[in-house]
Amino acid sequence: MKKLHKSEVNRIIKENSALSNEDLLNKYFDIVYHDVLGSQAEQMEEAGWNESDVKERRGYEHYMSYYTDILEEMLQERGIDPWKDFAEEMREEN
């Protein structure tokens with residue numbers, strides 16, 4: 001699949017640039033956990049869903065993967081490494 005158009009990338013950046021660091025981080029992980037990790041399209045395919053529904057879900061997952069890449073880049077520009085910070089928080093909790 002192809003990457004997002006520059007206008008769509010700019011829209012996503014504009015839409016999320018006013019978020020606080022915490023809100024941006026929360027949005028990033030929410031999308032990663034609910035829409036990127038563990039393909040629902042594969043589960044749908046295995047369950048025998050209509051091919052057009054599976055294709056639509058794959059497109060959505062692909063879009064959200066690019067979306068999270070943009071959010072991650074925004075976080076890194078703010079000096080936040082979401083996965084490093086996440087790992088440190090997990091260590092502190094244990």
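**Before you start**

Residues are numbered from 1 along each chain as its sequence is written. In this predicted model, local features need pLDDT of at least 70 and side-chain atom pairs count only at pLDDT 80 or more, while totals for chains, interfaces and linings use all residues; side-chain values use heavy atoms, leaving out hydrogens and water.

**Stop 1: helices H2 and H4**

Select residues 21-36, which form helix H2, and then residues 51-77, which form helix H4. Helices (H or I, at least four residues) and strands (E, at least two) are DSSP runs, numbered from the N terminus. Two packed helices are described by the angle between their axes and the distance between the axes. How do H2 and H4 pack? Their angle is about 155 degrees, and their axes are 10 Å apart. Axes here are lines fitted to C-alpha atoms, for helices over the stretch in contact, and angles run from 0 to 180 degrees between N-to-C directions. H2 and H4 are therefore roughly antiparallel to each other. For angles, under 35 degrees counts as roughly parallel, over 145 as roughly antiparallel, 65 to 115 as roughly perpendicular and the rest as oblique.

Now show the side chains where the two helices meet. The contact (heavy atoms within 4.5 Å) includes Leu24, Tyr28 and Asp35 of H2, and Tyr60, Glu61 and Met64 of H4. By class, twelve nonpolar, four polar and five charged residues make up this contact of H2 with H4. Ala, Val, Leu, Ile, Met, Phe, Trp, Tyr, Cys and Pro count as nonpolar, Asp, Glu, Lys and Arg as charged, and the others, Gly among them, as polar.

**Stop 2**

Is Asp35 buried or exposed? With 16% relative accessibility, Asp35 counts as buried (buried is under 20% relative accessible area, exposed over 50%, partly exposed in between, with a 1.4 Å probe and protein chains only). The side chains of Asp35 and Tyr60 are joined by a polar contact of 3.3 Å. A polar contact is a pair of N or O atoms within 3.5 Å; within protein, one must be able to donate a hydrogen and the other to accept it, and residues adjacent in sequence count only if both atoms are side-chain atoms.

Next, pick Glu61 in helix H4. Glu61 is buried too, at 11% relative accessibility. Which backbone atom does the side chain of Glu61 reach? The backbone nitrogen of Ala41, at 3.2 Å. Not counting residues up to four places away in sequence, Glu61 touches Asp35, Ser39, Gln40 and Ala41.

**Stop 3: helices H1 and H4**

Select residues 6-16, helix H1, and keep H4 in view. H1 and H4 pack at about 55 degrees, with their axes 10 Å apart. That makes H1 oblique to H4. Among the residues in contact are Val9, Ile12 and Ile13 of H1, along with Tyr63, Tyr67 and Ile70 of H4.

**Stop 4: Leu4**

Step back to Leu4, in the segment before H1. Leu4 is partly exposed, with a relative accessible area of 22%. Leaving aside neighbours within four places in sequence, Leu4 is in contact with Val9, Ile12, Tyr63, Tyr66 and Ile70.

**Last stop: Lys84**

Finish at Lys84, in helix H5 (residues 82-93). Lys84 counts as partly exposed, at 49% relative accessibility.
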